[in-house]
Amino acid sequence: MKNIVVSGGTDGMGRALARHYVNSGWRVLIIGRNPDKGAEFLAEAKQSGAADRAIFLQADLSLVSEQYRAVKEIAKVFPVVDAVVLGAQHFRRERTVTAEGFESTFALYYLSRYVLSNGLLPQLELADNPVVLNICGPGVSVGEIHWNDLQLEHGYKGLKAMMQGSRANDLLGVGMAKAHKGSKVRHVLYNPVFVATSFSGEYKKPVRLLVDLAKRLGATSVEKGIEPIIELLDDPPAKAISAYKKRKEISLSHKSFSETDAARLREVTKAILTPHSTT
Ligand SMILES: NC(=O)c1ccc[n+]([C@@H]2O[C@H](COP(=O)([O-])OP(=O)(O)OC[C@H]3O[C@@H](n4cnc5c(N)ncnc54)[C@H](OP(=O)(O)O)[C@@H]3O)[C@@H](O)[C@H]2O)c1
């Protein structure tokens, strides 16, 4: 029986993937903040006779302490991890800072994915065909790493923070593959383009209305949106690192996937996390 971890598994694509894998006979651990959504997932699994294969881990992944706690909790229940899906995200229109002092989008969208994908490596290495699939935004040419202001203390904008997070996740995948040469864990950066999910976040009312309208008019349904993800999880690409926009593979020759920048961000991130890693 295979084990899968889904961050952001309480809603959107993560929730649909969790449902799919419970129904496929896997053990599924989801991470999210909302206890009601977690309870719904557990109740649904119970109803389909899979109570013993469904786990909800409530955690606020914008806190580094919670990210490390999640890694510990997961390792206790899953000695082997076959797949990790990284999907937790929350759009913040205004700059907010976590109790640990990090800009929230940087902490949730990037740091939590760094900590989960690095922290679960020992469990992933024990699987036959392990994969980490990061649902982010590869192939989008906007956004940059603000090396001198990673926490966006100056000129914060919600979209700017999200786009920096997307570029940081591109580099996270490249950096993982490079730092762990010879590892059997495959890293997949996945851009779903536009899927009608909950779009977790704080949007201005007109923007929320526009998003809802666009969802009705042009978005892929969640059920359709997860189909390419399932294909990648069930049969991971042979390459240590690859990137996809829906089913189309994206070349890694773009500067978003620079190995030099990936190594630099990895070092910067290690330094940021060091004071937190034992807490
Ligand atoms: N939907 C799209 O069109 C689209 C396009 C491009 C990229 N993406 C990316 O795809 C990924 C999945 O997005 P989605 O649209 O499927 O998700 P979604 O419906 O917006 O749901 C977001 C998920 O993240 C969780 N989350 C938010 N803040 C959290 C926190 N502080 N700690 C732990 N969990 C937290 C939510 O949990 P709770 O509700 O329990 O808080 C929920 O499960 C995201 O990274 C998103 O940026 C989506």
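User: Which side chain does R92 meet in a salt bridge?

Analyst: In this predicted model, the side chain of R92 meets that of E202 in a salt bridge, with an N to O distance of 3.3 Å. The pair links distant parts of the chain, since R92 belongs to strand β5 (residues 91–92) and E202 to strand β8 (residues 201–202), 110 residues apart.

User: And how many salt bridges are there in the whole structure?

Analyst: A search of the whole structure finds 15 salt bridges, and the one between R92 and E202 is among them.

User: Switching to the ligand, where does it sit?

Analyst: The ligand sits in the largest pocket. The elements that give two or more residues to the shell around it are α1 (12–23) and α4 (104–119).

User: Which element gives the largest share of that shell?

Analyst: That is α4, from which three residues of the shell come.

User: How many residues surround the ligand, and which are the closest?

Analyst: The ligand is surrounded by 31 residues, of which the closest are T10, K37, V195, T197 and S198. By residue class, the shell divides into 13 nonpolar, 13 polar and five charged residues.

User: What about K37, how far is its side chain from a ligand oxygen?

Analyst: An N or O atom in the side chain of K37 is 2.6 Å from an oxygen atom of the ligand. For R33, the distance from a side-chain N or O atom to a ligand oxygen is 2.7 Å, and for the side chain of T10 the corresponding value is also 2.7 Å.

User: How much of the ligand's accessible area does the protein cover?

Analyst: On its own the ligand has 900 Å² of accessible area, and the protein covers 92% of that.

Terms used: Residues numbered from 1 in each chain as written. Predicted model: local features only at pLDDT ≥ 70, side-chain atom pairs only at ≥ 80, totals over all residues. Heavy atoms only, no water. Near = heavy atom within 4 Å. Polar contact = N/O pair within 3.5 Å; in protein donor to acceptor, adjacent residues only side chain to side chain. Areas by Shrake-Rupley, 256 points an atom, 1.4 Å probe, with all protein chains shown as cover. 1 Å grid on protein atoms, 1.4 Å probe; cavity = no way out; pocket = protein on both sides within 12 Å on 5 of 7 lines; lining within 4 Å. Sits in = over half its atoms within 2 Å of the grid points. Helix = DSSP H or I, 4+ residues; strand = E, 2+ residues; numbered from the N terminus. Nonpolar A, V, L, I, M, F, W, Y, C, P; charged D, E, K, R; others polar. Salt bridge = Lys/Arg side-chain N within 4 Å of Asp/Glu carboxyl O.
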